[in-house]
Amino acid sequence: SEKVVGLCALPLDGDPHKAMGLIAHPGEVTALAVSYDGRRILTVGGTDSIINLWGVDAAAMQAQYMHRDPRDNCYVSLLEGGHEGEFFQEIKDYFYYAQIHTQGEDTTAPRRIDGTVQLTVVPNLMRALGYYPSESEVGDMMVELHQEASEAGLPPPTAVDYERFIALYVNHRPVFGVGKDQLAAAFQALGADPYLGALDCDELLSAITQEGEPMSHSELEECLQALTGAAISNVYDVLPPQVEAKQFAEEILGFEDYAVQGEA
């Protein structure tokens, strides 16, 4: 990405048809400047010792956007496998199940599937798909949806449809997943032993229940019970006196390793 220069059309909504990029230099782009009228871009390379002058043709990108297929959900193409992928089907299954769950799984009343889920369900849907937003990130999603409705002259939304949910997921999920290395770094930041990677259990609990977006002890116990499948009376039933990052990742969180940037 450090070799690429491109354009994005406002507003920034994640639509891939409203953005383009190209490789500007064989190596890193070390500097960039735009002309006063926005019609020229200067880029400076690093090791190649080259200055390139680019012409900006915004009409070409606008034509790309206008000629897209309006029936196609462009955000689906940004999912692993696209329309034909297993992940797309998994999202669809979770979305429909969320509609059924909202009405009650054991109800005998006729189902009313209207193609939307309540906004209160959206955070848990995200988590079911492997993205665990913080409360602040959930708030950002809600602000985005309310602002979108306000600009369209509509009342504040209470639900979101399937297409909009996919757009929310694609735009807000992290580009790279969280793996064991990131968790180990977090333990180090909290003061874990630099050689063993272990953190005192009470220090870990203090960080979880008092720092950042704190969890209550009852919430923490509920989460640990759901993660481990064990009936617990308190957190010490599943957490040892010294908690290692690797142990916490594998035995408690059940993390799998994700490919990280730069790996083959």
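Author: Let us start with burial, where buried means under 20% relative accessible area, exposed over 50% and partly exposed in between (1.4 Å probe, protein chains only). F87 counts as buried because its relative accessibility is 15%, and Y169, at 5%, counts as buried too. This is a predicted model, in which local features need pLDDT of at least 70, side-chain atom pairs count only at pLDDT 80 or more, and totals for chains, interfaces and linings use all residues. Residues are numbered from 1 along each chain as its sequence is written, and side-chain values use heavy atoms, with hydrogens and water left out.

Reader: How many aromatic pairs does the structure hold, and how are the rings of F87 and Y169 arranged?

Author: A pair of aromatic rings is described by the distance of the centres and the angle of the planes. Rings of Phe, Tyr and Trp (its six-membered ring) pair if their centres lie within 6.5 Å, and planes under 30 degrees apart count as stacked, over 60 as edge-to-face and the rest as tilted. The structure holds five aromatic pairs. In the pair of F87 and Y169 the ring centres are 5.8 Å apart and the planes are at 50°, so the pair is tilted. Because F87 lies in helix α2 (residues 86–103) and Y169 in helix α5 (residues 162–172), the pair ties together parts that are 82 residues apart in sequence; helices (H or I, at least four residues) and strands (E, at least two) are DSSP runs, numbered from the N terminus.

Reader: Which residues of α2 are buried?

Author: They are F87, F88, I91, F95, A98 and Q99.
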